[in-house]
Amino acid sequence: MKTRALHRVIGLVMLLPLTGWAITGAFFFLKAGYAGAYDLLQVRTYPLEPNIALQADPSWLEVRLVKTILGEHLLARTSNGWLHLEPRSLEPKPEPSTDEVRALVTDAFSANPARYGRISGIEGSTITTDTGVRIELDWTRLALTQRGKDTDRIDLLYKIHYLQWTGVNSLDKVLGALGIILVLVLSALGARLFFSRG
């Protein structure tokens with residue numbers, strides 16, 4: 001196959017990925033809507049009572065003592081993971097009730113009420129809001145993560161940009177590698193056509 005014909009065929013094959021790269025690349029450059037989509041939702045904390053005496057365990061690698069709307073929490077990291085304890089007794093802090101989850105998460109929403117709105121449902125550690133945001137509570141670490149429709153949309157754009165079109169990891173890697181190879185071949189053929197005219 002002649003250089004010009006091969007260049008045309010590869011150009012047609014790459015038309016869709018190149019268009020996708022250009023559109024998603026422009027979006028990533030402008031970063032429109034990123035602020036809310038990847039907002040760091042944190043449990044709201046309050047000043048601790050003075051003179052809290054703690055007896056640290058030598059097996060703890062890291063310790064955090066915090067106070068939330070639910071009271072005091074002792075978080076200790078061990079070689080096996082995190083422990084969520086009652087600070088005074090060092091007993092495991094029981095899983096929160098639905099009302100306690102609601103109070104803790106609603107208190108955290110005060111940092112950005114426009115994004116989070118109001119809680120519309122609680123199922124276990126998953127909280128949904130009337131603005132379409134889903135929150136996960138990791139009680140062991142006393143941490144919150146959030147994800148909205150905007151987060152899903154941006155993640156979809158990343159998948160389009162990086163040719164993760166099938167959802168099958170091994171196949172998507174082949175597509176990505178093939179896309180890069182075809183761009184290089186297309187560039188080489190274009191350069192050859194350009195210089196051969198001179």
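This is a predicted model: local features need pLDDT of at least 70, side-chain atom pairs count only at pLDDT 80 or more; totals for chains, interfaces and linings use all residues.
Because its relative accessibility is 43%, Lys159 counts as partly exposed, a class that lies between the 20% limit for buried residues and the 50% limit for exposed ones. When its neighbours within four places in sequence are left aside, Lys159 is in contact with Gln164 and Trp165. Glu100, by comparison, stands 59 residues from Lys159 in sequence, and the C-alpha atoms of Lys159 and Glu100 are 37 Å apart in space.

From these residues the reader can turn to the helix as a whole and to its partner. Two packed helices are described by the angle between their axes and by the distance between those axes. Here the axes of helix H2, residues 15-30, and helix H6, residues 149-161, come within 9 Å and cross at roughly 140°. That angle makes H2 oblique to H6, because only angles over 145 degrees would count as roughly antiparallel. The crossing in which H2 passes H6 is left-handed.

Which residues in H2 and H6 meet? On the side of H2 they are Gly20, Trp21, Thr24, Gly25, Phe27 and Phe28, and on the side of H6 they are Ile154, Leu157, Tyr158, Ile160 and His161. Sorted by class, the contact of H2 with H6 has 7 nonpolar and 4 polar residues, and no charged ones.

The loops hold two leucines whose backbone deserves a careful look. Most residues other than glycine have a negative phi. Leu163, however, has a phi near 55°, which is a positive value in a residue other than glycine. Leu163 is found in the loop between H6 and helix H7, the latter covering residues 169-197, and with a relative accessibility of 5% it counts as buried.

Leu142 likewise has a positive phi, near 55°, although it is not a glycine. The loop in which Leu142 lies is between strand S6, residues 134-138, and strand S7, residues 143-147. Leu142 is buried as well, its relative accessible area being 7%.

Conventions. Residues are numbered from 1 along each chain as its sequence is written. Side-chain values use heavy atoms; hydrogens and water are left out. Axes are lines fitted to C-alpha atoms, for helices over the stretch in contact, and angles run from 0 to 180 degrees between N-to-C directions. Helices (H or I, at least four residues) and strands (E, at least two) are DSSP runs, numbered from the N terminus. Angles under 35 degrees count as roughly parallel, over 145 as roughly antiparallel, 65 to 115 as roughly perpendicular and the rest as oblique. A crossing is left-handed if the near helix is turned anticlockwise from the far one by less than a right angle, and right-handed if clockwise. Contact means heavy atoms within 4.5 Å. Ala, Val, Leu, Ile, Met, Phe, Trp, Tyr, Cys and Pro count as nonpolar, Asp, Glu, Lys and Arg as charged, and the others, Gly among them, as polar. Buried means under 20% relative accessible area, exposed over 50%, partly exposed in between (1.4 Å probe, protein chains only).
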